[in-house]
Amino acid sequence: MRIVQITDLHVGREGEDTFGVDVRANFLKVLNAVRQKQPHYLVLSGDLCYRDGDTKIYEWIYEQMELLDIPYDIISGNHDDPVMMAAVFGRSHLLKEEELYFVKEFNGRPVLFLDTTKGVVSEQQQRWLRGRLQDFNEEALVFMHHPPLEAGVPFMDSRHALRNRSEVQAIFLAHPFNVNIFTGHYHVEKVIRKKNIVVHITPSCYFQIGQESEEFQVDHYRIGLREITWDNGVMMNSVHYFNGETNR
Ligand SMILES: [Fe+2]
């Protein structure tokens with residue numbers, strides 16, 4: 001099966017200045033690449049909105065997804081509102097106490113989707129996650145917005161990391177198989193492994209963040225998507241970049 005992940009769209013309100021970047025044009029450009037790739041599934045892994053959850057922004061993104069006509073799932077990032085998002089995308093039935101986390105089957109394989117909107121994996125979600133992992137007698141595939149491992153990106157690790165990452169790591173480490181996790185949030189491309197946990201961070205559709213500095217620094221304005229194939233026990237993934245639409 002082939003999955004495309006796109007992340008950190010940061011779409012603003014109509015006409016809003018998003019720091020000199022045309023985030024809507026960027027998103028459409030990446031979607032166009034998805035259209036050509038025709039994956040089996042598409043995942044939008046959070047931060048769909050520029051600052052805060054906004055029904056009109058979600059409606060615009062929903063319209064683009066309807067035109068694309070490829071099965072997709074969405075998760076919420078720290079710049080989203082999972083309840084608002086679920087309502088617009090017709091997924092309110094998946095909400096549990098205002099959080100949007102769920103399991104889906106992709107080609108007969110379970111895939112987990114977590115909600116880290118508040119910068120943590122909540123207690124009730126941790127209980128759910130332990131239970132779901134026990135159901136799998138195989139490698140796990142997880143999408144979540146925040147990476148659950150530190151990533152060597154000082155600005156993000158020190159100010160914007162998942163706060164209860166050690167608790168979340170303990171849950172994944174207890175799984176007797178590999179746990180393959182795909183995230184966004186950091187606006188970098190990176191792979192981090194700790195024992196059986198492998199975290200792939202996918203670059204943003206907005207801009208990428210410098211990996212050297214404690215202070216916020218833009219690295220570059222190219223934008224990306226990740227393509228994951230998983231067949232016969234072999235997982236491969238690659239990141240594809242495009243020029244971003246920016247006057248910067
Ligand atoms: Fe984020």
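I take a residue as buried if 20 or more other C-beta atoms lie within 10 Å of its own, as exposed if 12 or fewer do, and as partly exposed in between, with C-beta atoms placed from the backbone. A nonpolar core is then a set of buried Ala, Val, Leu, Ile, Met, Phe, Trp, Tyr and Cys residues joined through C-beta atoms within 7 Å.

**Entry 1. Ground rules.** The model is predicted: local features need pLDDT of at least 70, side-chain atom pairs count only at pLDDT 80 or more, and totals for chains, interfaces and linings use all residues. Residues are numbered from 1 along each chain as its sequence is written.

**Entry 2. Core.** I looked up the largest nonpolar core, which has 58 residues. Val11, Leu48, Met85, Leu114, Val142 and Phe143 touch the most other members. In soluble globular proteins, nonpolar side chains tend to be buried together. I then listed the contacts of Leu48, where contact means C-beta atoms, placed from the backbone, within 7 Å. Leaving out residues up to four places away in sequence, Leu48 touches Leu9, Val11, Ile57, Tyr58, Ile61, Asp80 and Met85.

**Entry 3. Whole chain.** I counted six helices and 15 strands in the protein chain. Both are DSSP runs numbered from the N terminus, helices being H or I with at least four residues and strands E with at least two. Of the 248 residues, 40% count as buried. Along its principal axes the C-alpha trace spans about 50 × 40 × 35 Å. For 248 residues a compact globule would have a radius of gyration near 18 Å, and the 17 Å of this chain agrees with that. The radius is taken over C-alpha atoms, and the globule rule is 2.2 Å times the number of residues to the power 0.38. Among contacts with a separation of 6 or more, 67% join residues 24 or more positions apart.

**Entry 4. Sheet.** I traced an open sheet of five strands in the order β3-β2-β1-β14-β15, with mixed pairing. β3 (72–75) and β15 (234–243) are the edge strands, each with a single partner, so one side of each has no neighbour in the sheet. Neighbouring strands are turned by 20° against each other on average, direction ignored. Two strands pair here if DSSP finds at least two bridges between them.

**Entry 5. Strand β1.** How do β1 and its two partners run? With β2 (residues 41–45), β1 (residues 2–6) pairs in the parallel sense over four bridges. I noted that Ile3 has Tyr41 as its bridge partner in β2, and that Gln5 has Val43. With β14, β1 pairs in the antiparallel sense over four bridges. Val4 stands opposite Glu227 in β14. The chain crosses from β1 through α1 to β2, and this β-α-β crossover is right-handed. Right-handed means that, with the strands pointing away from the viewer, the path from the first strand over the helix to the second runs clockwise. Four of the five residues of β1 are buried, so β1 is largely enclosed by the rest of the structure.

**Entry 6. Helix α1.** I found α1 (residues 23–37) lying across β1, β2, β14 (222–231) and β15, at about 30° to β14. Axes are lines fitted to C-alpha atoms, for helices over the stretch in contact, and angles run from 0 to 180 degrees between N-to-C directions.

**Entry 7. Loop residues.** Is Asp8 buried or exposed? Asp8 counts as buried, with 27 C-beta neighbours inside 10 Å. This residue lies in the loop between β1 and α1 and has a positive phi of about 50° although it is not a glycine. Asn107, in the loop between β6 (102–106) and β7 (109–113), also is not a glycine and has a positive phi of about 50°. Asn107 is exposed, with 12 other C-beta atoms within 10 Å.

I looked at His40 next, in the loop between α1 and β2. His40 is partly exposed, with 13 other C-beta atoms within 10 Å. Leaving aside neighbours within four places in sequence, its contacts are Met1, Arg2, Ile3, Phe106 and Asn107.

Entry 8. Val168 sits in helix α6 (residues 165–173) and counts as buried, with 25 C-beta neighbours inside 10 Å. Beyond four places in sequence, Val168 is in contact with Val121, Pro148 and Leu162. Val168 and Leu149 are 19 residues apart in sequence and 9.2 Å apart in space, C-alpha to C-alpha. For His40 and Leu149, 109 residues apart along the chain, I read a C-alpha separation of 28 Å.

Terms used:
Contact = placed C-beta atoms within 7 Å.
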